[in-house]
Amino acid sequence: RSIIAKQTQNLHIDRNHQGNQRDNNQSGEQIIIIVDRSSSSSIMNCKEHYLPELELTTGQVREALQAILYTILFVRSPGPVTPHDVECEGFNLTYPRISSDKSPSAPVGLSSLENDVDKKVDDAIELFLRSLSQIGPELLSGGLTLSFFERRATRQLFGLVSNEERVVWEQWHMRAVVNNTPRPVSDDSAAVIERQRIHDTAEGMLRTVMMKVFEVAGGSIDHVPPVMYEFEINCTKKIDDRENVYSRVANMPSLINLSN
């Protein structure tokens, strides 16, 4: 089996060392400024990552999104965590996720944390499936945005009024097209080849997305706060027209030369 999870071995790098690296502003990333109007001093750089688009069948969506979300949550988990490799049932891939350590030395509340993460991931995927938009015959489209944020307490009026704000410092945008075109179900060689082609195409797209996640995670982490932080997953109807157009053009077949 192809073990994508092995890429995580290169990610356990001391943050103090990585903090000295320059931000290379990799392709597919944008930097925006989020300003809290209630406090002029609250300014935070939010880095955005746009992952390559996926095209999946309905039966592949849940496992593909789980692989992506759990991998991002693992590589961005605050503090030391124990990895657990998960083998996909529908793809020849293995991805990492945070393990629920049952040993006596494990941090208190780790099991409940895992349950909370599972619930957020499952709820987000269910919402994604319910909010897909029709973009063509047998084609549906939707997106998810995974945001990491920290909570900051601010005091005003001589410290008599306390407010809490959420400062988003990173977002991961993912988009998927769900293709409900009927697949050949017969056992003849043409149908078998077509089913394999569809499966291999989806697996190749998922593999590309996972490698992009590891590429970003292995880069600069200057924007990652040194404090405990949280995450949320939101469903987005449309992420970016430019990304959609670029994805469609990049995957178009070569034009046929009719001049000869």
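This is a predicted model: local features need pLDDT of at least 70, side-chain atom pairs count only at pLDDT 80 or more; totals for chains, interfaces and linings use all residues.
Trainee: Which residue's side chain makes a polar contact with the side chain of Thr-145?

Mentor: That's His-173, at 2.9 Å. A polar contact is a pair of N or O atoms within 3.5 Å; within protein, one must be able to donate a hydrogen and the other to accept it, and residues adjacent in sequence count only if both atoms are side-chain atoms. Residues are numbered from 1 along each chain as its sequence is written, and side-chain values use heavy atoms, leaving out hydrogens and water.

Trainee: How do you know whether Thr-145 is buried or exposed?

Mentor: Look at its relative accessible area, which is 5%. Buried means under 20%, exposed over 50%, and partly exposed in between (1.4 Å probe, protein chains only). Since 5% is under 20%, Thr-145 is buried. Thr-145 lies in strand β7; helices (H or I, at least four residues) and strands (E, at least two) are DSSP runs, numbered from the N terminus.

Trainee: What does the next residue, Leu-146, touch?

Mentor: Leaving aside residues up to four places away in sequence, its contacts (heavy atoms within 4.5 Å) include Ile-72, Trp-172, Met-174 and Phe-231. Leu-146 is also one of the residues that touch the most other members of the largest nonpolar core, which has 46 residues.

Trainee: What makes a set of residues a nonpolar core?

Mentor: The members must be buried Ala, Val, Leu, Ile, Met, Phe, Trp, Tyr or Cys residues, joined through side-chain atoms within 4.5 Å. Helix α2 gives the most to this core, with 11 residues.

Trainee: Why is the pair of Tyr-70 and Tyr-95 called what it is?

Mentor: Rings of Phe, Tyr and Trp (its six-membered ring) pair if their centres lie within 6.5 Å; planes under 30 degrees apart count as stacked, over 60 as edge-to-face and the rest as tilted. These two have centres 6.4 Å apart and planes at 5 degrees, so the pair is stacked. Tyr-70 sits in helix α2 and Tyr-95 in strand β5, 25 residues apart. Tyr-70 is buried at 6% relative accessibility, and Tyr-95 is buried at 5%.

Trainee: And what kind of pair do Trp-169 and Tyr-229 make?

Mentor: Their centres are 4.8 Å apart and their planes stand at 75 degrees, so this pair is edge-to-face.

Trainee: Why is Glu-138 counted as it is for accessibility?

Mentor: Its 41% lies between 20% and 50%, so Glu-138 is partly exposed. You'll find Glu-138 in the loop between β6 and β7.
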